[in-house]
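Me: I am new to this structure. Can you walk me through it in short steps?

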Amino acid sequence: MKLYFTPFACSLAARIALEEAGLDAEFVQVPKDLRLPDGRDFTEISPMGYVPAIETGTGFVLTEGPAVLTYIAELAPEGALSFTGFSDAHYRMLAWLNFISTELHKAVYMPILGKGYSEGEQVAARARHARPFAVLSRHLEGRDYLDDRFTVADAYLVAVLNWSEFSKVPLADWPVLAAYRERVRARPAVARAMAAEWPLLKAA
Ligand SMILES: N[C@@H](CCC(=O)N[C@@H](CS)C(=O)NCC(=O)O)C(=O)O
């Protein structure tokens, strides 16, 4: 499998999932001009030009973070990254993936970190963090992970919370969330994934 990524973007969640599951992959860094090393334009793979995208050995191409993460979770050894198919916990995980995608990634961080947003839009986006952070903080109080054990939803959440300082989203004011991020970052597979991308981010 190939993972198309940008250092420390949301695609970091997919790298964490692959590391956690011990799955092999080729990692292709998407350049700023979207021209891939093989000459293709990245929009031929991901029509919006967004990471993450995966390409399997059989040529199946999948985009959209929550779908990519669910796919990797299904490939992983049973129970490593998700819960059995038709279980309440499985659907809770899907709900968290959607929550992170819509209430945090797109609503809060994207207008701050993405291109083409006005200062007013950035201020409004930053202010939107309080409601989802309060929900998450209440939920994570007394819990190690979003559910009874680590899943791809935690991989996505840590990748998104990583952007807080850079976006001036005040994570330090939310001790439960700050402690959760430290706990997830301390997992060996998460630390390995972040260490792999750190020099690439600095070089970018
Ligand atoms: N709907 C996509 C959005 C992914 C997305 O926003 N990716 C960002 C990085 S975190 C990206 O590739 N941005 C490049 C750009 O804005 O040109 C998903 O959920 O996977």
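Reply: Contact here means heavy atoms within 4.5 Å. Keep in mind that this is a predicted model.

Me: Leaving aside neighbours within four places in sequence, which residues is Tyr109 in contact with?
Reply: Neighbours within four places in sequence are set aside. What remains for Tyr109 is Leu104, Gly114, Phe133, Val160, Leu161, Trp163, Ser164, Ser167 and Val169.

Me: How many residues does the largest nonpolar core have?
Reply: Tyr109 is among the residues with the most contacts inside this core, along with Leu81, Phe133, Leu146 and Leu157. Several elements each supply at least two of its residues, including strand S1 (2-5), helix H1 (12-21) and helix H5 (130-140). Domain 1 and domain 2 each give at least three residues. The size of the largest core is 55 residues.

Me: How far apart do the C-alpha centres of domain 1 and domain 2 lie?
Reply: Domain 1 covers 2-80 + 190-203, and domain 2 covers 88-187. Their contact takes 19 residues from domain 1 and 19 residues from domain 2. The C-alpha centres of the two domains are separated by 20 Å.

Me: Why is Leu94 called partly exposed, rather than buried or exposed?
Reply: Leu94 sits in helix H3 (residues 88-113). Together with Phe86 and Tyr91, Leu94 forms a nonpolar patch on the surface. Buried means under 20% relative accessible area and exposed means over 50%. Leu94 falls in between, so the label is partly exposed, because its relative accessible area is 31%.

Methods:
Residues are numbered from 1 along each chain as its sequence is written. This is a predicted model: local features need pLDDT of at least 70, side-chain atom pairs count only at pLDDT 80 or more; totals for chains, interfaces and linings use all residues. Side-chain values use heavy atoms; hydrogens and water are left out. Patches are made of residues with over 30% relative accessible area and no salt bridge: like charges are joined within 9 Å, nonpolar side chains (Val, Leu, Ile, Met, Phe, Trp, Tyr) within 5 Å. Accessible areas come from the Shrake-Rupley method with a 1.4 Å probe; for residues, only the protein chains shown count as cover. A salt bridge is a side-chain nitrogen of Lys or Arg within 4 Å of a carboxyl oxygen of Asp or Glu. Helices (H or I, at least four residues) and strands (E, at least two) are DSSP runs, numbered from the N terminus. Buried means under 20% relative accessible area, exposed over 50%, partly exposed in between (1.4 Å probe, protein chains only). A nonpolar core is a set of buried Ala, Val, Leu, Ile, Met, Phe, Trp, Tyr and Cys residues joined through side-chain atoms within 4.5 Å. Domain bounds come from an automatic or database domain assignment.
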